[in-house]
Amino acid sequence: MASATDPYDVVVIGAGPGGYVAAIKAAQLGLKTACIDKRGPPGGTCLNVGCIPSKAMLNNSHMYHQTKHDLKRRGIDVEGVSLNLETMLKAKDTSVTGLTGGIEFLFKQNKVDYLKGTGSFVSNSQIAVKLNDGGEKTLDTKNVIIATGSEVAPFPGGAITIDEEQIVSSTGALSLQKVPEKMVVIGGGIIGLEMGSVWSRLGAEVTVVEFLGAIGGAGIDEEIAKQFQRILAKQGIKFKLNTKVLSADKENGKVVIKTEAAKGGKEETLDADVVLVAVGRRPYVDGLNIEAVGCEMDNKGRVIIDDQFNTSVSNIKCIGDVTFGPMLAHKAEEEGIAAVEYIKTGHGHVNYNAIPSVVYTHPEVSWVGKTEQELKAAGTQYNIGKFNFTANSRAKTNLDTEGFVKFITEKETDRILGVHIIGPNAGEMIAEGVLAIEYGASAEDIARTTHAHPTLSEAFKEAAMAAYSKPIHM
C-alpha cells in the first residue's frame with residue numbers, strides 16, 4: 001500500500017470495463033496503481049449484471065428455440081425438448097464468476113492493489129475507502145481516474161417503481177425464476193430488444209412499447225431499424241411505437257400498464273405478468289463525494305471532461321459511462337487505456353468515429369460510423385452499397401439468410417463513412433468495418449481484399465463492391 005511519502009501514481013475508482021482496463025494498463029506502464037470497487041467482484045455492470053450474463057442468456061435461449069423450432073428442417077429429429085430455467089440461470093452465473101475471477105487474477109499478475117469497498121474523495125490526492133469487510137483505508141495518490149460507470153435510469157417522473165420481481169430493470173430480467181406468460185418491455189433500445197428476445201424465445205408473449213417511431217435506439221440506421229422490426233415481428237414480438245407509457249401498477253397478481261399515443265390521444269391499457277423498464281441508464285457518482293474536490297458536472301449528471309479526459313481538477317481524469325459519449329464497455333476500455341497513456345506519456349487517442357455498436361439478437365445488428373439519415377441531414381453526397389445474405393453461399397448453407405450488409409461511402413472519394421449490418425455474425429463482422437474507418441479505407445480497398453470462400457464475410461466484400469462498382473453475386 002502507498003503512503004503520503006510514497007503515494008500511488010494512479011488510483012482508479014471503479015473496476016468496470018473502463019476502470020479495470022485502466023488499472024492494468026497503468027501497472028503495465030510501470031505506474032504504482034490501485035483500483036477500488038464497492039461491488040466486490042470486478043467487472044462492473046457489464047460483467048456482473050449486463051453484457052456478459054445477457055449474452056449467456058441470449059446464446060442459450062437461442063439454442064433452446066432453435067432446437068424446438070429449427071432442427072427438424074435440418075434433418076435432426078429431437079423429441080421431448082423442455083426448458084430447465086434453473087440450470088440455464090446457473091450457466092449464466094458460472095460464466096460471470098469465471099470472468100470476474102479472471103480479472104482478480106489479472107490484478108494480481110500485474111501487481112494492481114484491488115480494494116473491495118466504497119471510494120470517496122477526501123481531497124484531490126486522498127481517497128477514503130470504506131471496506132466491504134469492515135474498516136477504512138486512506139489512499140494517497142498523484143492521479144485519480146473516475147470510472148464509476150452508470151446505473152439503471154428510473155422511469156421519467158417516477159410513475160413506475162421497480163421492484164425487480166414483477167416490474168424489473170435489466171438486472172431483474174436476467175434472474176426471473178419462471179417464464180412469464182406476458183411481458184411488456186418499456187423501451188425499444190438495445191437492452192429492451194435483447195432481453196425481450198430472450199424471454200420471447202423461452203415462451204413469453206412479448207410486447208415492446210417505444211416512445212419513438214423506430215426501434216434500436218440511438219445510432220441505428222433507419223433502413224436497418226425497419227428491417228430489424230419486421231424480422232423480430234416475424235419471431236412473434238409485438239410492437240407499439242410512437243406510444244407513451246403513463247403508468248404501471250400491480251393489480252391482482254398482474255401489472256397494468258396505461259399508455260397513450262406519444263403525441264397525445266386515447267388512453268390504452270395493457271396487462272402483463274412482468275414489465276421490463278428499459279429506458280436507458282444514467283451516470284453513477286453516489287458516495288464519491290465528488291463535490292469535495294469540485295469536479296464540474298453537467299445537467300445530466302455527467303462529469304465534464306476535455307479531450308484528454310481531464311476534469312476541472314488538474315490531476316483527476318474521468319472515463320466511461322459517467323462522462324460523455326455512448327455507454328458502451330468497449331468505448332470505456334479504449335478511454336481507460338488512453339487516459340493512462342496521457343498520464344504516463346502525455347499522448348493518447350480514441351477515435352470516436354470508429355466505435356461500433358452491436359445488438360445481440362438473432363439476427364444480430366451492428367454498425368459503425370455515420371447513418372444514412374445523418375448524412376442526408378448534413379447534405380453530404382454519398383453512395384450506398386448493399387448485399388443481401390440470401391445471395392451469400394455460407395448463409396444459404398447455414399439456412400440463415402435474413403438481413404444484409406450496407407456500406408455508405410463519400411461520393412467523391414469512395415471513403416467509407418459508415419457500415420451497417422443486420423444478419424448472422426454481424427457482431428463479429430463489424431470489426432472489419434471499424435478497422436476500415438480507423439485507417440480511412442475506401443470501399444474499393446475492401447472489395448479488392450481477398451475474403452475466404454465460403455464465408456459470411458464475403459457479403460461484406462460484395463457490399464463494398466456494390467458501393468463503388470457492382471457486386472458479382474447479386
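This is a predicted model: local features need pLDDT of at least 70, side-chain atom pairs count only at pLDDT 80 or more; totals for chains, interfaces and linings use all residues.

Modeller: Residues are numbered from 1 along each chain as its sequence is written, and side-chain values use heavy atoms, with hydrogens and water left out.

Colleague: Is S170 buried or exposed?

Modeller: S170 sits in helix α5, residues 170-173, where helices (H or I, at least four residues) and strands (E, at least two) are DSSP runs numbered from the N terminus. Buried means under 20% relative accessible area, exposed over 50%, and partly exposed in between, with a 1.4 Å probe and protein chains only. Because its relative accessible area is 12%, S170 is buried.

Colleague: Which residues is S170 in contact with, leaving aside its neighbours within four places in sequence?

Modeller: Contact means heavy atoms within 4.5 Å. With those sequence neighbours set aside, the contacts of S170 are V152, I191, L276 and R281.

Colleague: Which strands stand at the edges of the open sheet of 5 strands?

Modeller: The order in this sheet is β17-β18-β21-β20-β19, with antiparallel pairing, and two strands pair if DSSP finds at least two bridges between them. Each edge strand has a single partner strand, so one side of it is left without a neighbour in the sheet; these strands are β17 (357-359) and β19 (382-388).

Colleague: What is the bridge partner of S366 in β21?

Modeller: Strands β18 (residues 364-369) and β21 (residues 416-423) pair in the antiparallel sense over 6 bridges. For S366, the bridge partner in β21 is I421.
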